[in-house]
Amino acid sequence: MKNKNSKRMMLDGNAAAAEAIKAVNVPVIVMYPITPQTPLVERLSVMVDEKEIDGVCVCVESEHSAMSYVIGSQLTGVRSVTATASVGLALMHEVLGVAAGCRLPIVMPVINRALVAPWSLWCDHQDAMAERDTGWMQLYAENAQEVYDYMIMGYRIAEHKDVLLPLMVCMDGFYVSHAMQTVIVEERSQVEKFVGEYTPCNLVLNPEKPMFVNNLTSPAEFTEMRYQQEVAFENALDVMESVFAKFKQTFGRTYQLIEAVACEDAEVVMIGIGSMCGTIKQVVKEMRKEGKKVGMVKITAFRPFPFTHLKNSIGHVKKIVVLDRSAGLGAAKAPLALEVTSALDGLNCHVTSYVAGLGGRDITEALIEKIFEDNMQEKFSDRKQWVDKKENAMKIRKNLNIDTETEHMETV
Amino acid sequence: MKQESCEYLLGPVATLAECTDTGKWRNQRPVINDHCKCCQQCIPYCPCGVIQINKKKKCAEIDYRYCKGCLICSNMCKFNAVDVIEE
């Protein structure tokens, strides 16, 4: 460990996020519970009660109110936080745009869970993918240590003058949020020094210097304001890299916008996001022992998307497979696959979109190995591959209300 | 309060507030006549808050810079103290 003042704690993703929020001492915590986020906010409320965090914990009536409260509070010059998942994130959708458009550097843990319907409690990226156009940055954590580290770095990235964008730190529901591991937790004074004190520099609710925040904007000015956010996203990639470098200097752990493993001479590269990357790395390691030329890329930052880094890293690879944990219904490819295809536009390579692990279904080593093998043998397809789908997908709900012997069903 | 000021603000914001004479929108004008008893009932009804009591003249007074001519005051006055004339 780099710092002698660091210590090891057994934490799951939720607890790691709470510990990071405590280390930064975020003074305003707004809570609304939702599976699988609830233990996160419960832990924060205990921290406030036991004065480990010098701040207030507020229960609100919905996630829409939670984000509204955080926005109002952040505008007064105070770091404010809430956390959510799935339909909670969907409920705050309208207000996410306010946080982004008003350039508030809010950092929010999002525990990725499927959207309804069907009603699920389990891991899926549909919730965060549905918010990819809100103007929020998105980082995806592979494990609890990354959750802790991204939360801390997140404040420095979001609050940077060239960025001033809100950030979602995404973690897989249950696979990361509820799975315990050893997390290296840093000393509070070091973390506070790393993130610095929050000094608002743009829109502020200060009675002495009054501002009308989010007033009506005409067609004569809307484009320019939206463009200001585009510039911020362009800056964000460089700012993320510089914060990653400073984090390594201070705390010793290395992070990158994309993490490429064994890609230099790879025949097939699999691109993944979230906790599945841990499994993919393990399969690559095992297959390489057998002499199979496979590699993988983990996407850390999804928004902004590091298209240049990706192109530089795997532009030479001919067979690319993208594993999405969301369906991307109605589109030719699933969300991450669309980004990858766009980044590698013009290059001579095959990008296949795979959909797996929806609604909490486990992404197994066997599944990943199968995908690699199929692509080594060039079993390509232009269609989205629902690779872990069961054979009888259309017939899993037999209608028990019909007596097929006496009632005649007309089949068209 | 600790705050850094920057020359150009980002996002939708206004730091200058100006009043527009919305009275210019009027088609009809409410005029208080000598039936006014200063009961003050019209004051909370006015959606623009432009009615005040003039204590010296002992009657209600309308600020025509901002009166939009909705005529709620004329419609509700129990003493028919508000006439309506064309602008």
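Mentor: Let us begin with a term needed for what follows: two strands pair if DSSP finds at least two bridges between them. Please keep in mind that this is a predicted model.

Trainee: What makes strand β10 of chain A and strand β1 of chain B a pair?

Mentor: Strand β10 (residues 212-213) of chain A and strand β1 (residues 13-14) of chain B are joined over 2 bridges in the antiparallel sense, and since at least two are required, the two strands count as paired. Within this pairing, A:Val213 has B:Val13 as its bridge partner in β1(B).

Trainee: Why is the contact of A:Glu197 with B:Lys2 called a salt bridge?

Mentor: The closest N and O atoms of A:Glu197 and B:Lys2 are 3.2 Å apart, and the cut-off for a Lys nitrogen and a Glu carboxyl oxygen is 4 Å, so the contact qualifies as a salt bridge. Between chain B and chain A the count is 2 salt bridges, while the side of chain B that touches chain A divides into 8 nonpolar, 4 polar and 2 charged residues.

Trainee: What makes β3 and β4 of chain A edge strands?

Mentor: Each of them pairs on one side only, in an open sheet of 3 strands whose order is β3-β2-β4, with parallel pairing.

Trainee: How do you know that β2 and β4 of chain A pair?

Mentor: Strand β2 (residues 28-31) of chain A and β4(A) share 2 bridges in the parallel sense, and at least two are needed, so they pair; A:Ile29, for its part, has A:Val81 as bridge partner in β4(A).

Definitions and conventions: Residues are numbered from 1 along each chain as its sequence is written. Chains are lettered from A and ligands numbered from 1 in the order in which they are written. This is a predicted model: local features need pLDDT of at least 70, side-chain atom pairs count only at pLDDT 80 or more; totals for chains, interfaces and linings use all residues. Side-chain values use heavy atoms; hydrogens and water are left out. A salt bridge is a side-chain nitrogen of Lys or Arg within 4 Å of a carboxyl oxygen of Asp or Glu. Ala, Val, Leu, Ile, Met, Phe, Trp, Tyr, Cys and Pro count as nonpolar, Asp, Glu, Lys and Arg as charged, and the others, Gly among them, as polar. Helices (H or I, at least four residues) and strands (E, at least two) are DSSP runs, numbered from the N terminus.
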